[in-house]
Amino acid sequence: MYVGRPFGIPVYFDVTWILLAAYITYSYAPTFSHNGETPGARSYSLAFSVSLLFAVSVLLHELSHSIIATRLDLPVRRVTILFFGGVSEIGRDPETAARTYLVSVAGPLMSLVLSAIGFAVIGTADPHGTARDLVGIFAALNGLVAVVNLLPGLPLDGGHVLRAAVWQITGSAAKGTRVAAQVGRGLAVIIVGAAVVIASIPRFASEANATLLMSLILGLYLWSGATNELRQASVQARIPELDLRRLARPAIAVTGDTPLAEAVRRAHASGARALVVADHDGRPQGLVDEAKVVATPPQRQPWVTAGELSRSLVPGLVLEAGLTGEPLLEALRATPGHEYLVVGPEGHVLGVLVAADLVQALKAGR
């Protein structure tokens, strides 16, 4: 759900936040009941306001990340508030360890400042007033957000700080990611294990279910987030190895009026794996869609021309064979497509890049 654009940054609330709001409301309602009475409408209303205070805390935390990122000329797509916190979607990673540290530490620092302000205000509030209770909860929640996020394991902010430190010491961003992600996995195991041990102690039995549930959710979040960071680091390590000449499938050029059956026969005879439509002078004009070729029954192929199954070339679908690594990915991002014509220095056809082949290269390497 879209809620606005503070500081020009789109903010969304995920539907899972409703579950968190319900959990907080149910948990805090007894806090606002008098003398242990059954919570009423007033208690639930105040407890729901706690969920709103938590949402504001997480939002300010995430906006701090995003604002620093924009000051460092990093693109910020959106901020999303979820069941277990929030996510700042930053378009690309900071280029240096120092910038990674600045973006990462901004959120916990904001939470600590809000917590400090809240505890300072408590001293001036009516000791028996509801407002004091709400401010106290606000201060405690921000302190909790700061402490949890400073745990030194990915995907938490503390993990990104650890990643920046290892990066700065070793000069390797990939090594920083691997160290911080493995620590994140370790934290996941420790948190879940500690929750199981605590829940087994009789005097904590009444809170065992809630403790286990929240610990399992946090542990799963840490484990899956750390694993995803490791996967992304593996992909990033392969990007410099991407070579368009090696990725391109061999192709042959045929005129648009060539029957598909004949075009396929020529491709098989020459060992080509892609078809390009060209004029009679050999200038490429279009790419024959592989999916349409496969979908055309053999008995119909003599009656269908290659031109009928092709799509016209636009500038972004024509790539120079010398592209490698990140520049290659940037060219593909600029013009998303399934297939691209690969040409040599003189504009002659060298092959066809199928986007699925590049994805497979990033996943498995070559």
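This report walks through a pocket, a set of salt bridges and one valine in a predicted model.

## The second largest pocket

Let's start with open space: the second largest pocket holds about 260 Å³. Its lining counts 17 residues, and those closest to the pocket centre are Arg273, Ala274, Leu275, Glu290 and Val293. Two or more lining residues come from each of α9 (260-270), β6 (274-278), β7 (284-288), α10 (290-295) and β11 (349-354). By residue class, the lining has 11 nonpolar, 5 charged and 1 polar.

## Salt bridges

The whole structure contains 11 salt bridges. One of them sits in helix α9, where Arg265 and Glu262 are 3 residues apart, about one turn of the helix. Their closest N and O atoms are 2.7 Å apart. Arg265 is partly exposed at 47% relative accessible area, and Glu262 is partly exposed at 25%.

Another bridge pairs Arg311 with Glu339, at 3.4 Å between the closest N and O atoms. Arg311 belongs to strand β8 (residues 310-312) and Glu339 to strand β10 (residues 339-343), so this pair ties together parts 28 residues apart in sequence. Glu339 is buried, with 7% relative accessible area, while Arg311 is partly exposed at 28%.

## A look at Val166

Val166 is part of helix α5 (residues 157-170). With a relative accessible area of 13%, Val166 is buried. Beyond its neighbours within four places in sequence, Val166 contacts Gly171, Lys175, Gly176 and Val179.

Terms used: Residues are numbered from 1 along each chain as its sequence is written. This is a predicted model: local features need pLDDT of at least 70, side-chain atom pairs count only at pLDDT 80 or more; totals for chains, interfaces and linings use all residues. Side-chain values use heavy atoms; hydrogens and water are left out. On a 1 Å grid over the protein atoms alone, a cavity is a set of points where a 1.4 Å probe fits but cannot get out, and a pocket is an open set with protein on both sides within 12 Å along at least five of seven lines; lining residues have an atom within 4 Å of a point. Grid points are joined across faces, edges and corners, and a volume is the space filled by probe spheres set on the points. Helices (H or I, at least four residues) and strands (E, at least two) are DSSP runs, numbered from the N terminus. Ala, Val, Leu, Ile, Met, Phe, Trp, Tyr, Cys and Pro count as nonpolar, Asp, Glu, Lys and Arg as charged, and the others, Gly among them, as polar. Buried means under 20% relative accessible area, exposed over 50%, partly exposed in between (1.4 Å probe, protein chains only). Contact means heavy atoms within 4.5 Å. A salt bridge is a side-chain nitrogen of Lys or Arg within 4 Å of a carboxyl oxygen of Asp or Glu.
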